[in-house]
Amino acid sequence: MRPRRLACLAIAVALVLAVALVYVRTGRNGFVKYDDNSYVYENPVVLRGLTPEGIAWAFGIHASNWHPLTWISHMADASLFGARAGGHHLHSALLHGANALLLAAALARLTGALWPSALVAALFAVHPLRVESVAWASERKDVLCGLFFLLAVAAYARHARRPSWVRFAVVAALFALALASKPMAITLPLVLLLLDWWPLGRFAARRRPADLLLEKVPLLVLAAGSALITLRAQLEGVRDFVAPSLAARLANATVSCAAYLGQSLWPSDLAVLYPYPTQVGWAGPVAAAALLAALLGMAVAARRRHPVLLFGVLWYLVMLVPVLGIVQVGAQARANRYTYLPLIGPALAAVWLAVGLAPAGRRVRAAGVAVAAAALTAFGAAAWLQAGFWRNSRTLFERTTAVTADNYLILTNLGQEYVEAGEFDAARRALEQAVRANPGHCNALYTLGGSYYNQGRFAEAIGPYERSLQCYKAQSASRAYVADVHYFLGSARQGLGRYAEAEREFLSVLSLRPDDARAASQLAFVRAVRRLPDP
């Protein structure tokens, strides 16, 4: 066997083993009560497995997204594993391992540098920031999109060497599959233009760079279509969400760009949700902007001697644009999953610069190998620990509230976990903390009422329930939420013997939900107790 083929085989085995060591424990993890219910274990269409009806359903807009291939992937898992979470998680780990192999192969094809490409792929494979995309069943879209994105990059490398419309059609087809997995792939045409500049050198080889842009027009058309569908899906899913001001969003986007780079170097205190700051000062955004401007300026200044630095910075910034929150669609300030593909750019720049600037010599090379091995070991160990926090909802929420402040959404979810476990004192502590962090969070008030109600402490449940009712009405929440609060208020008042008040609550439920059998039964009971005739 030729030395290069032997080296490729050794790299492939090492990458597969590294991913396996980090993520094999996810096979024992369960689903989490954070999107996994709507994506998998409470989704009747998905749980029926692959069916013609399910595949047709997948091409609609669901969960505020259009990603039919992701839904079909979940259905395939349901056909194989049912609602057993381990199989779903190991499938995601398998896709991540394939992505690491594809990244190494694509970079080696693009640059001709085998070992630096392998190091970038190894960093991608074991970095703790990847855990959210791999260990969270709902984020199958990340690893699936990554698969087709990297396949498209590899196919483009082949097309760039010997252009043909057939090869470009393969790139376009893979791009379409990536978009059907997650719309974040929308930036691929710009990434390919970056590849034209470095390392492919197609700008230097052509007198008319505009030709390279015209070549990408079919891809830009696909990207535009995906953008329109995604914007519609996101706006439909967040109609009741009040986005922060544009200035606040721009400030947060700037801080997020810097924060991701910091976490790539020191990945500590990772959380499934980083709460959006309630007050945005200017010190943080200004410092972040200065850092990014300095980095970009340095990259531009060094573009002739070290073009990889500018390439890496632009890859990172371009790929982050769709998820920086300029169009804010959730309560998160940033998310680890958003870095799945963007941080390839900085990793590539760092590795290439280290290799290019290091002086020659065996000792230097040996020291470099030792440093790389130590970094990969440290990152892999941290990723292994991080994957353990995804064992179940409780461990995930407890970890998140431990490393973030005023995280009212996760505190509410944690409080619900405690309620279901019968740990009512712990539930109230978490829920009261959530209410202090955001007095207008209706679900925290509602769940706080439930923590008293489930202990039979009906008098204490009424206050939080009434506040949640006012909150839901003020926010024009759905009739279902309002009806639920009326029902439990009625049940609490019934438990206290306040039957006239209970009757009014049950009548309110039936005015909102006429077919509510529970409310009708309770209404009949309190009327019987009061010796009044049924209506």
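A disulfide is counted here as a pair of cysteine sulfur atoms within 2.5 Å, and by this rule the structure has one disulfide. The structure is a predicted model, in which local features need pLDDT of at least 70 and side-chain atom pairs count only at pLDDT 80 or more, while totals for chains, interfaces and linings use all residues. Residues are numbered from 1 along each chain as its sequence is written, and side-chain values use heavy atoms, with hydrogens and water left out. Helices (DSSP runs of H or I, at least four residues) and strands (runs of E, at least two) are numbered from the N terminus.

**Cysteines**

- A disulfide is a covalent bond between the sulfur atoms of two cysteines.
- The disulfide joins Cys-442 to Cys-471, with a distance of 2.0 Å from S to S, and the link is left-handed, with -75° about the S-S bond.
- This pair links distant parts of the chain, since Cys-442 lies in helix α23 (residues 442-453) and Cys-471 in helix α24 (residues 458-474), 29 residues apart.
- Relative accessible area, computed with a 1.4 Å probe on protein chains only, sorts residues into buried (under 20%), exposed (over 50%) and partly exposed (in between).
- Cys-442 counts as buried because its relative accessibility is 4%, and Cys-471 counts as buried at 10%.
- Cys-145 is in no disulfide, and the nearest cysteine sulfur, that of Cys-257, is 19 Å away.
- For Cys-257, the closest cysteine sulfur is the one in Cys-145, and the 19 Å between them is too far for a bond.
- Both of these cysteines are buried, Cys-145 at 2% relative accessibility and Cys-257 with a relative accessible area of 6%.

- Two packed helices are described by the angle between their axes and the distance between the axes.
- The axes are lines fitted to C-alpha atoms, for helices over the stretch in contact, and the angles run from 0 to 180 degrees between N-to-C directions.
- Helix α6 (residues 85-111) and helix α9 (residues 140-161) have axes that come within 9 Å and cross at roughly 20°.
- That angle makes α6 roughly parallel to α9, where angles under 35 degrees count as roughly parallel, over 145 as roughly antiparallel, 65 to 115 as roughly perpendicular and the rest as oblique.
- The crossing of α6 and α9 is left-handed, a term used if the near helix is turned anticlockwise from the far one by less than a right angle, with right-handed used if clockwise.
- Contact means heavy atoms within 4.5 Å, and the residues of α6 that meet α9 include His-88, Leu-95 and Leu-102, while those on the α9 side include Val-143, Leu-147 and Leu-150.
- The residues of the contact of α6 with α9 divide into 14 nonpolar, six polar and four charged, where Ala, Val, Leu, Ile, Met, Phe, Trp, Tyr, Cys and Pro count as nonpolar, Asp, Glu, Lys and Arg as charged, and the others, Gly among them, as polar.

**Helices α20 and α21**

- Helices α20 and α21 pack at an angle of about 140°, with their axes 9 Å apart, and that makes α20 oblique to α21.
- The crossing in which α20 passes α21 is left-handed.
- Among the residues that make the contact are Arg-394 and Phe-397 of α20, together with Leu-411 and Tyr-418 of α21.
- The contact of α20 with α21 divides into five nonpolar, four polar and three charged residues.

**Backbone details in loops**

- Most residues other than glycine have a negative phi, and most peptide bonds are trans.
- Trp-198 and Pro-199 are joined by a cis peptide bond, with omega about 10°, and Pro-199 sits in the loop between α11 (188-197) and α12 (202-205).
- Asp-269 has a positive phi, near 55°, and is placed in the loop between α15 (246-265) and β1 (274-275), where Asp-269 is partly exposed, with a relative accessible area of 42%.
- Asp-406 also has a positive phi, about 55°, although this residue is not a glycine, and Asp-406 is found in the loop between α20 (393-403) and α21 (408-420).

**Two residues of helix α19**

- Ala-372 is in helix α19 (residues 362-388) and counts as buried at 18% relative accessibility.
- Ala-372 and Ala-122 are 250 residues apart in sequence, and their C-alpha atoms are 9.8 Å apart in space.
- Trp-384 is also in helix α19, and at 37% relative accessibility Trp-384 counts as partly exposed.
- Not counting residues up to four places away in sequence, Trp-384 touches Leu-21, Val-22 and Arg-25.
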